[in-house]
Amino acid sequence: SSGFFYCPICKEKFVKRGVRKVCTKETCQKEHSRQLRLAMFQGKPIPESLLGWHKALVVSLRSNPWPKHDAWIIQGQASKMTGLTKVQIWYLGVRKMVTIRQHPTKTWGNRPVRLFSAHQMRIAKQVYESCNAANKT
């Protein structure tokens, strides 16, 4: 839908076309992107802000008690355990849907290696598989 709107960044009037939320100025677009990134990566996600299996995962993780002695695995192991790609595993950690820790000694590219909870990865696999099975029927 088209129409006139006010840019939330510079407060100037612009013609809205499609899903655009700000005017076409480069400074406004960069600021809007920065605000979206901050909002996305700040705190733990609220289930209502998520869709599909991500929402089901957050709800399931909150309802499952954490074991006393949990194993911590690296991203590649988490990927093999769940059947998800490394990027999907990374996204779950960055969005704080799952808990990540830093390895005490291992680094990769001058950054500590991320460790993922094996317990949470097992739940992620179950939720992902059940949501995919439900979508196929």
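Reply: For the classes used here, Ala, Val, Leu, Ile, Met, Phe, Trp, Tyr, Cys and Pro count as nonpolar, Asp, Glu, Lys and Arg as charged, and the others, Gly among them, as polar. The model is predicted.

Me: How do the residues of the lining of the second largest pocket divide by class?

Reply: The second largest pocket holds about 190 Å³ of space. Its lining includes Lys44, Arg62 and Lys96, along with Pro45, Met97 and Thr99. By class, the lining divides into six nonpolar, three polar and three charged residues.

Me: Which helix gives the largest share of the lining of the second largest pocket?

Reply: Val58, Leu61 and Arg62 are among the lining residues. The largest share, three residues, comes from a helix spanning residues 52-63, namely α2.

Me: Where do the buried residues of α2 lie around the axis?

Reply: In α2, Trp53, Leu57, Val58, Ser60 and Leu61 are buried. They cover an arc of only 170° around the axis, so they lie on the same side of α2.

Me: Against which elements do the buried residues of α2 pack?

Reply: Gly52, Arg62 and Ser63 are exposed, on the face turned away from the buried side of α2. The buried residues of α2 pack against α4 (86-94) and α5 (118-136).

Me: Which elements each supply at least two residues of the lining of the largest pocket?

Reply: The largest pocket contains about 410 Å³ of space. Gln75, Trp108 and Arg111 are among the residues that line it. At least two lining residues each come from α3 (75-82), β4 (100-108) and β5 (111-117).

Terms used: Residues are numbered from 1 along each chain as its sequence is written. This is a predicted model: local features need pLDDT of at least 70, side-chain atom pairs count only at pLDDT 80 or more; totals for chains, interfaces and linings use all residues. Side-chain values use heavy atoms; hydrogens and water are left out. On a 1 Å grid over the protein atoms alone, a cavity is a set of points where a 1.4 Å probe fits but cannot get out, and a pocket is an open set with protein on both sides within 12 Å along at least five of seven lines; lining residues have an atom within 4 Å of a point. Grid points are joined across faces, edges and corners, and a volume is the space filled by probe spheres set on the points. Helices (H or I, at least four residues) and strands (E, at least two) are DSSP runs, numbered from the N terminus. Buried means under 20% relative accessible area, exposed over 50%, partly exposed in between (1.4 Å probe, protein chains only). The arc is that of the directions from the helix axis to the C-beta atoms. Contact means heavy atoms within 4.5 Å.
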